[in-house]
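Here is a short report on one protein model. Look at the sequence and structure first, then read on.

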Amino acid sequence: MKISIKAPAKINLSLDVLHKREDGFHEVEMIMTTVDLADRIELTLLEENKIVIDVSEGFVPNDNRNLAYQAAQVLKDKFKISKGVKIAIQKNIPVSAGLAGGSSDAAATLRGLNQLWDLGLSLDELAELGAKIGSDVSFCVYGGTALATGRGEKIKHISAPPSCWVILAKPPIGVSTAEVYRNLNLNNIDHPDINKMVAAIEGREYGQICQELGNVLETVTFKLYPEVQRIKDQMIRFGADGVLMSGSGPTVFGLVKHESRMLRIYNGLRGFCHDVHAVRIMGERYY
Ligand code: ATP
């Protein structure tokens, strides 16, 4: 038996870091929303008791370092499952990009195996198990649009932002989230106003959403990798309505309402950045 499921990317419309906790994690406040750029996960049941990863990108690990592998392992351990699974991952989401590709693969694996192994778990239970794998996995279990707090695993669903184009541009570097956090100076932060962003989203005020975009990790990544700032500057110059780096980067996204302008920006960016995608916000919950 096999099933095929989508694992969509997320962007952060807002990302704030409050303080470093005693357990080493940072206390964050983030607004995340799903976009329609997705990996495809195919799960095939195996009689043999093993987890096999077959991933389309050579540099993504195909062993227990893969987050989808860890998702299957968490369920196998908890429910003492003695059968195996083959997880085939078609990567479409850029890797180490700030788009939660690995976390979304893990979340899709949790949802899919819940069905294939007939575990009967609720999404809340899957999200709780997902938090053991990574802070973004809980959000990815639900998708949609949410305010994430704690280390990112406490999810409060909010309504979807108004639909628009999202242009994603990733320079050819991978950014280590740990390195960005190591370089963050918590005494010198210009905090985004998360409450205003929530109000703008709930009020479906597109212009206000573009105004309130904010990510405290931006300046850190810009300092480490100035090419990320250059992409942001280009997107602003080409006329995107709002521009922000997603997560710890290096992907920069631009929100655009009108298709003609989206095409102009997309084509302009393609001139000097290889990895550019034009997608839609998909902020409604569909799981
Ligand atoms: P986030 O936005 O949650 O910080 P990211 O988009 O920056 O995540 P990922 O693409 O999830 O980063 O990959 C981060 C690291 O995880 C990479 O070093 C990669 O090798 C590893 N990894 C493990 N499993 C996967 C997977 N299924 N897909 C992509 N990367 C994976």
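## Terms and model

Buried means under 20% relative accessible area, exposed means over 50%, and partly exposed lies in between, with a 1.4 Å probe and protein chains only. By this rule Asp136 is buried, with a relative accessible area of 19%.

This is a predicted model: local features need pLDDT of at least 70, side-chain atom pairs count only at pLDDT 80 or more, and totals for chains, interfaces and linings use all residues. Residues are numbered from 1 along each chain as its sequence is written, and side-chain values use heavy atoms, leaving out hydrogens and water.

## The listed active site

An unreviewed UniProt entry lists Lys10 and Asp136 under "active site". UniProt positions follow the numbering used here, feature names are shortened, and annotations may be inferred rather than shown by experiment.

## Lys10

Lys10 is in strand 1, residues 2-20. Strands (E, at least two residues) and helices (H or I, at least four) are DSSP runs, numbered from the N terminus. Lys10 counts as buried, at 3% relative accessibility.

Contact means heavy atoms within 4.5 Å. A polar atom of the Lys10 side chain lies 3.1 Å from the backbone oxygen of Gly98. A polar contact is a pair of N or O atoms within 3.5 Å; within protein, one must be able to donate a hydrogen and the other to accept it, and residues adjacent in sequence count only if both atoms are side-chain atoms.

## Asp136

Asp136 sits in the loop between helix 3 (123-130) and helix 4 (137-142). Among the residues Asp136 touches, not counting those up to four places away in sequence, are Lys10, Met30 and Ser103.

## The ligand

Which residues are closest to the ligand? They are Lys91, Ser96, Gly102, Asp105 and Asp136, and 19 residues surround the ligand. A residue is near a molecule or strand if one of its heavy atoms lies within 4 Å of it.

A nitrogen atom of the ligand is 2.8 Å from an N or O atom in the side chain of Lys91. A backbone N or O atom of Gly98 lies 3.0 Å from an oxygen atom of the ligand.

## Cysteines

A disulfide is a pair of cysteine sulfur atoms within 2.5 Å. A search of the whole structure finds zero disulfides. Cys164 is in no disulfide; the nearest cysteine sulfur, in Cys210, is 6.8 Å away. Cys164 is buried, at 1% relative accessibility.
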